[in-house]
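Me: Please take me through this structure, term by term. I want each label set against its definition.

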Amino acid sequence: MTVTETEVVLEAEGLTKHFPVRRGLRDLLTREHKAVHAVDDVKLTLRRGRVTALVGESGSGKSTVARLLAQLYGRTAGEIRLHGEPITVRGGRKFRAYARRVQMIFQDPFASLNPTHTVRYHLTRSLRIHGRAGDLEDNLRDLLVQVQLTPPERYLDKFPHELSGGQRQRVSIARALGADPEALLADEPVSMLDVSIRLGVLNLLRDLKERLNLAILYITHDIASARYFADETLVMYAGGMVEGGDSETVTQNPAHPYTRLLIESAPDPDRLGELSKPEDQAGGEPPSLIAPPGGCRFNPRCVHAMPKCSTDLPPRFELPVAGHWAACWLYEEGAAR
Ligand SMILES: Nc1ncnc2c1ncn2[C@@H]1O[C@H](COP(=O)(O)OP(=O)(O)OP(=O)(O)O)[C@@H](O)[C@H]1O
Ligand code: SF4
Ligand SMILES: [Mg+2]
């Protein structure tokens, strides 16, 4: 099946989030309203049975995108559609109904599980909240089997501190599955785990994607793991999307100068576990998001920058491979590359 034939679960268009900055005396006098431009005009589509990676260095806005999609943050502008229907929810019953279909998995499983409660408590709570507490014992066991924590009896009455990091993340995934969701938003789900167990957790997510036909957003600093794990890859820089396409094309034939820089400074993809630190991943400094550079936000770091790059924001230009695009003036028709 081609990308466009698979069912769209969640879409965002024009997604924008500006965080107001607390104003100092000078700003009050000048009446300036400063804001962190964390996410600007982001477009993305999550489809059933597919993993979409969102890759970028620290501070590029990846977590903010996930939190906007999960409706944990209100947005400054843009639209989020679930099965084509525009959705805005803030708290209450509507939020619960939305969270049943769109679940988040966080980076730190230790922080996201309550240390004073057992695995049984966390999973029961999830099943209850989402109205699936009938056949409770069977459902609890089933959730643990789904995340390969077997036999389930060995784990049900354990506290988080009695589990390894990988087991805790599996419990977090089981808790998300307790809602029987259609989309999982996984924010760096393996970056805090030991190198040796990262692949196991990614393989589990891939297996769940296939068995449960889930749409997965996989957020990562590491473009090598995106190639391994994701069907489609989107690259984010300083609050905006700069390139997207199928993972093989984006990682093997990157078009945007920023994506090329990410790949050049990434570790060897065959050594997936040895993920580099975010600050190692690109030369130069990312820009201030309070006063981002005009035009293309990458222009102060770009060796190919042309005069219009600092004045005009490049749109998405389609590239020869279907579905591959880059937001870069190099790909404007007639531009010298
Ligand atoms: N609640 C907030 N209030 C103000 N600024 C915020 C808030 N959350 C994020 N930001 C800012 O928005 C920008 C994007 O942050 P975000 O956490 O989305 O980046 P990220 O790509 O997830 O980074 P990392 O890889 O380090 O997790 C950063 O400049 C950050 O400081
Ligand atoms: S638009 Fe210009 S500055 Fe931005 S990546 Fe392309 S060439 Fe570089
Ligand atoms: Mg983040």
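Reply: We start with strand β4 (residues 77–82), which pairs with β5 in the antiparallel sense over two bridges. This is a predicted model: local features need pLDDT of at least 70, side-chain atom pairs count only at pLDDT 80 or more, and totals for chains, interfaces and linings use all residues. Residues are numbered from 1 along each chain as its sequence is written, chains are lettered from A and ligands numbered from 1 in the order in which they are written, and side-chain values use heavy atoms, with hydrogens and water left out.

Me: What makes β4 and β5 a pair?

Reply: Two strands pair if DSSP finds at least two bridges between them. Strands are DSSP runs of E, at least two residues; helices are runs of H or I, at least four; both are numbered from the N terminus. β4 and β5 have two bridges, so they count as paired. L82 stands opposite E85 in β5.

Me: Why are β2 and β5 called edges?

Reply: The open antiparallel sheet has the order β2-β1-β4-β5. β2 (35–47) and β5 (85–86) each have a single partner strand, so one side of each is left without a neighbour in the sheet.

Me: Which strands form the mixed sheet?

Reply: Eight strands, in the order β6-β7-β8-β3-β9-β10-β12-β11, form this open sheet. V55 has T220 in β8 as its bridge partner.

Me: How do you know that helix α2 packs on the sheet?

Reply: Contact means heavy atoms within 4.5 Å. Helix α2 (residues 62–69) touches β3, β6, β7 (183–187), β8 and β9 (232–237). Its direction makes about 155° with that of β8. Axes are lines fitted to C-alpha atoms, for helices over the stretch in contact, and angles run from 0 to 180 degrees between N-to-C directions.

Me: What makes P151 and D180 stand out?

Reply: The peptide bond from T150 to P151 is cis, with omega near -5°. D180 has a positive phi, near 55°, and is not glycine. Most residues other than glycine have a negative phi, and most peptide bonds are trans. P151 lies in the loop between α6 (136–146) and α7 (153–156). D180 is in the loop between α8 (165–177) and β7.
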